[in-house]
Amino acid sequence: MWKPDRSSKKPMYQQIAEHVERSIHLGEYPPGSILPSERRLAERMGVNRSTVVQAYEDLRSKGIVESSVGSGTRVSRGVWKHRPGLSPNWRDYVQGGTFAQSLPYLRRIREVLQERPAVINFASGELSADLFPNEQIQRLMREVPFEAHLGYDDPQGYYPLRETLVGFMRQELGIHTTESSVLITSGSQQSLFLILQCLLAPGDAVAVEDPSYCCSLSMFQSAGLRIFPLPVHEDGIDPEDVGTLFRKHRIKMVFLNPNYQNPTGTTLHPDKRLPLLNLAAELGIPIVEDDPFSLTDFEGTPPPSLKSIDEHGTVLYIGSLSKIAASGLRIGWLIAPNSVVQRLADARQQIDFGLSVLPQWTANAFMRTGMLAEHLVFLRQALARKQELLIRSLEEELSGEVQYTAARGGLNLWCSLVRPADDLKLLEESVKRGVIYTPGAVYGSGPGFLRLSFARPPEGTVADGVKGIAQALRALHL
Ligand SMILES: Cc1ncc(COP(=O)(O)O)c(C=O)c1O
């Protein structure tokens, strides 16, 4: 880590300003990005905060950075126009390529979380640290002998983990499969990515729930797909809408999250499931069942997954440990016909030779020893309690101003404002008050919706977080 030279005659603020300017021109901080806060940079460089204040002031006076109250110091958007010397024009490179950037709201949320780690976080759809099975994982790493070899492994995934998953899926969700139909991935996100890249082509039409997690994923856009919405009602999508989209646009695939849908928390009505499967089979189009939340069902009795009742081989099933154990393990799985699994495994081989065996070994030991099943009992109770806590705070702070339906599983509460305020302003006003959440627009909804992850903030912070949002809303309604 670079630090100013205290023995140099050049003032420290100037050394820091030159270092930051160099980093900007080397592309480390792109135009518009937020620089580290004065306090954080001062800590890192072992100087007084006032020295960094002076360095940023120097850069501001040259037009290299700009500051605004509440959102820190940013690299000026035009900065690459004035780049010195003959270095590559990184702006053209980073704006080129075929991979679309993530949505502006999502980039803003990431920025806030990086800059202000203490912010009360209703935005991230993941468990709080106290809900991760840290102790169990540590215990098995100490006590269970490591059984894998450390060479390149099968890109389809570590065989013992696939074996364990076959039993786990049968026992927990009534899904019958075999090791040859399972592909291990680094999470549901990668399963979706591989499906888009390997099974679809630019210009293909697909149907996704509206609103939906898929709408937040620029990777659908990067894959050049034409996306058609399937409205989500209280009891999920209507199978007839799939038929209509097929007749109108020849959709080639349907993406669904039937249980505790992200973001709405809704569940596809059990009576709609067989008609949907029969229709998809008749039309010859696969359904991608993205199912990260079934095992969070607060009662432990989720509705049967589409895959478990699929008689025609129509469903590509995606599962993950992210929402039921730990998102940082990066373990997910895809259950699909062997020909599909082989095609996707071949892509994995080309991308990175497959997933590291370490998290796969860990996940296998965690599941095989029964620790995951035990952890789920604890997790379901904790999630139900956290949702109750959030709802109690909403009733206290925003009674009559916000509407929602309590979910029976999942990590999120989908809220609509009775009197909507400007989405962006509400988010920024909330950030000023130390709270962040995900605006519904990220998932393709209209204005005035908020997705609050009740799983992520520690219990002791929920009431203050809701207070912050309530104050932000009042400030805008004044
Ligand atoms: C519906 C849905 N699918 C997929 C993912 C990605 O999860 P993973 O961590 O398994 O990649 C998420 C994460 O929020 C999600 O909500």
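Predicted model: local features only at pLDDT ≥ 70, side-chain atom pairs only at ≥ 80, totals over all residues.
**Stop 1: the ligand**

Select the ligand and display its surroundings. There are 13 residues around the ligand, and those that come nearest are Asn-262, Asp-290, Ser-320, Ser-322 and Lys-323. In Ser-322, a side-chain N or O atom lies 2.6 Å from an oxygen atom of the ligand. The side chain of Ser-320 likewise places an N or O atom 2.7 Å from a ligand oxygen atom. Then select Gln-189 with its backbone shown: here a backbone N or O atom is 2.9 Å from an oxygen atom of the ligand.

**Stop 2**

The remaining stops concern pairs of helices. Two packed helices are described by the angle between their axes and the distance between the axes.

Select residues 239-249, which form helix 10, together with residues 270-283, which form helix 11; their axes are 9 Å apart and the packing angle is about 20°. Angles under 35 degrees count as roughly parallel, so helix 10 is roughly parallel to helix 11. The crossing of this pair is right-handed. To view the contact, show Pro-239, Val-242, Gly-243 and Phe-246 of helix 10, which meet Lys-272, Leu-276, Leu-279 and Leu-283 of helix 11. By class, this contact comprises six nonpolar residues, one polar and one charged.

**Stop 3: helices 5 and 15**

Move to helix 5 (residues 104-115) and helix 15 (residues 423-432), whose axes lie 12 Å apart at an angle of about 5°. Helix 5 is therefore roughly parallel to helix 15. On helix 5, display Tyr-105, Arg-108 and Val-112; on helix 15, display Asp-423, Leu-424, Leu-427, Glu-428 and Val-431, which complete the contact. Five of these residues are nonpolar, three are charged and none is polar.

**Stop 4: helices 1 and 3**

Finally, select helix 1 (residues 12-25) and helix 3 (residues 49-61). Their axes come within 8 Å and cross at roughly 55°. Helix 1 is therefore oblique to helix 3, and the crossing is right-handed. Helix 1 contributes Met-12, Tyr-13, Ile-16, Ala-17, Val-20 and Glu-21 to the contact, while helix 3 contributes Thr-51, Gln-54, Ala-55, Asp-58 and Leu-59. Colouring this contact by class shows seven nonpolar, two polar and two charged residues.

Notes: Residues numbered from 1 in each chain as written. Heavy atoms only, no water. Axes fitted to C-alpha atoms, helices over the stretch in contact; angles between N-to-C directions. Helix = DSSP H or I, 4+ residues; strand = E, 2+ residues; numbered from the N terminus. Parallel < 35°, antiparallel > 145°, perpendicular 65-115°, else oblique. Left-handed = near helix turned anticlockwise from the far one by under 90°. Contact = heavy atoms within 4.5 Å. Nonpolar A, V, L, I, M, F, W, Y, C, P; charged D, E, K, R; others polar. Near = heavy atom within 4 Å. Polar contact = N/O pair within 3.5 Å; in protein donor to acceptor, adjacent residues only side chain to side chain.
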